[in-house]
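Visitor: I have a model open and I'd like to learn how to read it. Can we go through it together?

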Amino acid sequence: MRVNRVPARRPHVARHAAAVVLAAVAALVGVSAQPASAAPPGIPSKATAQSQLNALTVATQGSTSGYSRDLFPHWITISGSCNTREQVLKRDGTSVVVDSACAATSGRWYSPYDGATWTAASDVDIDHVVPLAEAWRSGANSWTTSRRQSFANDLTRPQLIAVTDNVNQSKGDQDPSTWQPPLSSYRCTYSKMWITVKYSWGLTLQSSEKSALQSMLNTCSS
């Protein structure tokens, strides 16, 4: 999904080349691309995720008819001048410095989806782990706008995460049956996040999605 975009864009190839260079430089100076100490909250254990997956309702995927991102208001003010995006940037980054408007002026962000590290907030998207359109097709079409707003800005569950922008865009609104993080070692965690978000919000899943999630969850050790 395309989230909070900035006007200037670097070419796709150049962006990934930059990521490789940054990773190499970081390794040389002892700050290799490691996850920040903060992470999305509420990631369950394998056993809990399995129980939640078993409890989810399997149903035919609904239509995107009537869907609009405007029906999921975001980003909302969380504290002072900081909105949801800015809160996640501070949570998921390291050495993040913000200005008086809460915009990140410097920092380092590790994207667990692809293993790249970025030093400009404009290179980072905040991914809705369960995309808004996917939520709509899975039951959110019947929610109130207030509930959809809470879902789109959920900071209490592992629904929001800072990742490389064009990786997020390649994901779009796909579920795990058609898209999984390029970094295979993160797929266990991704499946647990996806499962618990759908479970917590009472969303359904389709059979192919459940099969993909089960395969990903099977790779988890705990």
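Visitor: Which strands does helix α3 lie across?
Guide: Helices (H or I, at least four residues) and strands (E, at least two) are DSSP runs, numbered from the N terminus. In this predicted model, local features need pLDDT of at least 70, side-chain atom pairs count only at 80 or more, and totals for chains, interfaces and linings use all residues. Residues are numbered from 1 along each chain as its sequence is written, and side-chain values use heavy atoms, without hydrogens and water. Here, α3 (residues 84-92) lies across β3 and β4, at about 135 degrees to β3. Contact means heavy atoms within 4.5 Å; axes are lines fitted to C-alpha atoms, for helices over the stretch in contact, with angles from 0 to 180 degrees between N-to-C directions.

Visitor: What is the strand order in the sheet?
Guide: Two strands pair if DSSP finds at least two bridges between them. This open sheet of 3 strands runs β3-β4-β5, with antiparallel pairing. β3 (93-98) and β5 (116-118) are the edge strands, each pairing on one side only. From one strand to the next, the twist averages 10 degrees. β4 (residues 104-111) pairs with β5 over 3 bridges, and Trp109 has Trp118 of β5 as its bridge partner.

Visitor: How do α2 and α7 cross?
Guide: The axes of α2 (residues 46-55) and α7 (residues 187-200) come within 9 Å and cross at roughly 50 degrees. That makes α2 oblique to α7, because angles under 35 degrees count as roughly parallel, over 145 as roughly antiparallel, 65 to 115 as roughly perpendicular and the rest as oblique. Among the residues that meet there are Leu53 in α2 and Ile195 in α7.
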